[in-house]
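User: I would like to know what stands behind the terms used for this model. Please set each value against its definition.

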Amino acid sequence: MSKKNLLGMTTEELKNFVQGLGEKPFRGKQLFKWVNRGVTDFEEMTDFSKALRAKLSTAAYVGSLEILNVQKDTKDGTRKFLFGLEDGNAIESVFMQYKYGNSLCVSSQVGCKMGCRFCATALDGFTRNLTAGEMLEQIYAAERETGKEINHIVVMGMGEPFDNYENLSKFLRLLHDPEGRNMSYRNMTVSTSGIIPAIEKFAIDFPQVNLAISLHRLDDAGRSAIMPVNDAYPVDDLLAAAGRYTEKTGRRITFEYTLIKGENDNNRDVEIMKDKLSGMLCHVNLIPLNKVDETGFDGSTRKRAEEIADRLTKAGVPATVRRELGSAIDGACGQLRAKNKSIY
Ligand code: SAH
Ligand code: SF4
């Protein structure tokens, strides 16, 4: 019999599991607490008898990611992890320190199907979805390694989270579960390239989780040229869906706009942004592109980014330039692909 991975299971699932071992359901609740405290060794689960610990370790294990590599930016404390999954695939997560606490940029898939032209993750195509447990474990593994508590997460690592909606939902619910980690939904942000039906569903399922939409360009021809997803979900439909989202949830939406030199940072682009975004309950996050050699694109200068932020804000569209964390280690989200691929 193969051992069962307890990480990523709900309290109910764990209760059923322990009952299958002839134990009382409340043991499942206890297990849920331990697992979501990041404990992987049954020997540390001190409210279990020795016999029960032995029984559990015969039937189950708590999945953990292997740390293949850590890059540290000594200036700002950012760390980029390369994690090994059980099947030999690798994913990345980025740990960032802010004034308000520590944040982890979490991956949702191995690779991505969306094929954005500027993105490092897109280069290798799509391999598979991550499970809820594999998303959770990025947090627990990063905490074990840094010794610091993570109080915010952004699902902005490798992959399109809305292309893995079910596992993403389970992950967010597990992380929020008061019996486990109890992270507030308001401390979670999910970023999508703009899959409209999932945005509609997310507004109903998770009205308190922050939503970010990657726009990057606001005319259809231009956006389709860098983001193929635009062919299925064109700009104006996407903005209309964003409007319905803010209406339904009452929450401000974040629009991400990665600035690519000469591509989407022209005055004309800024005019379209002003035109289409004014009046929306939104915030524009301008991010100069991190150069990915294979794509042939380069980032706008910081000065140009500041200029655009200023022009948008003056026109009533609040915009800021994202602080570039971990720039010394290619650590910013969206540039998640190991340069040291040989260690995969
Ligand atoms: N797939 C989701 C979430 C992961 S990507 C999405 O696209 O929104 C997270 C963010 O990083 C997106 O806004 C994405 O467009 C951006 N990004 C991708 N490659 C980048 C790069 N090289 N430099 C800066 N941002 C990048
Ligand atoms: Fe996928 Fe996001 Fe990269 Fe586009 S930017 S390829 S959606 S991870």
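**Sheet, helix and pocket**

User: What makes β9 and β10 paired strands?

Analyst: Strand β9 (residues 152-155) and strand β10 (residues 188-192) are joined by 3 bridges and run parallel. Two strands pair if DSSP finds at least two bridges between them, so β9 and β10, with 3 bridges, count as paired. Within this pair, V154 stands opposite T189 of β10. The names come from DSSP runs numbered from the N terminus: strands are E, at least two residues, and helices are H or I, at least four.

This is a predicted model: local features need pLDDT of at least 70, side-chain atom pairs count only at pLDDT 80 or more, and totals for chains, interfaces and linings use all residues. Residues are numbered from 1 along each chain as its sequence is written, chains are lettered from A and ligands numbered from 1 in the order written, and side-chain values use heavy atoms, without hydrogens and water.

User: Why are β3 and β14 at the edges of the sheet?

Analyst: The open sheet has 10 strands, in the order β3-β4-β5-β6-β9-β10-β11-β12-β13-β14, with mixed pairing. β3 (66-72) and β14 (319-321) each have a single partner strand, so one side of each is left without a neighbour in the sheet. From one strand to the next, the twist averages 20°.

User: Which strands does α4 lie across?

Analyst: Helix α4 (residues 132-146) lies across β3, β4 (79-84), β5 (90-98), β6 (101-105) and β9. Contact means heavy atoms within 4.5 Å. The helix runs at about 120° to β4. Axes are lines fitted to C-alpha atoms, for helices over the stretch in contact, and angles run from 0 to 180 degrees between N-to-C directions.

User: What is the volume of the second largest pocket, and which element gives the largest share of its lining?

Analyst: The volume is about 300 Å³. Of 19 lining residues, the closest to the centre are N5, E86, T131, G133 and E134. The largest share, 4 residues, comes from α4. By class, the lining has 5 nonpolar, 8 polar and 6 charged residues. Asp, Glu, Lys and Arg count as charged; Ala, Val, Leu, Ile, Met, Phe, Trp, Tyr, Cys and Pro as nonpolar; the others, Gly among them, as polar.

User: What makes something a pocket here?

Analyst: On a 1 Å grid over the protein atoms alone, a pocket is an open set of points where a 1.4 Å probe fits, with protein on both sides within 12 Å along at least five of seven lines; lining residues have an atom within 4 Å of a point.

How values were computed
Points joined across faces, edges and corners; volume = space filled by probe spheres on them.
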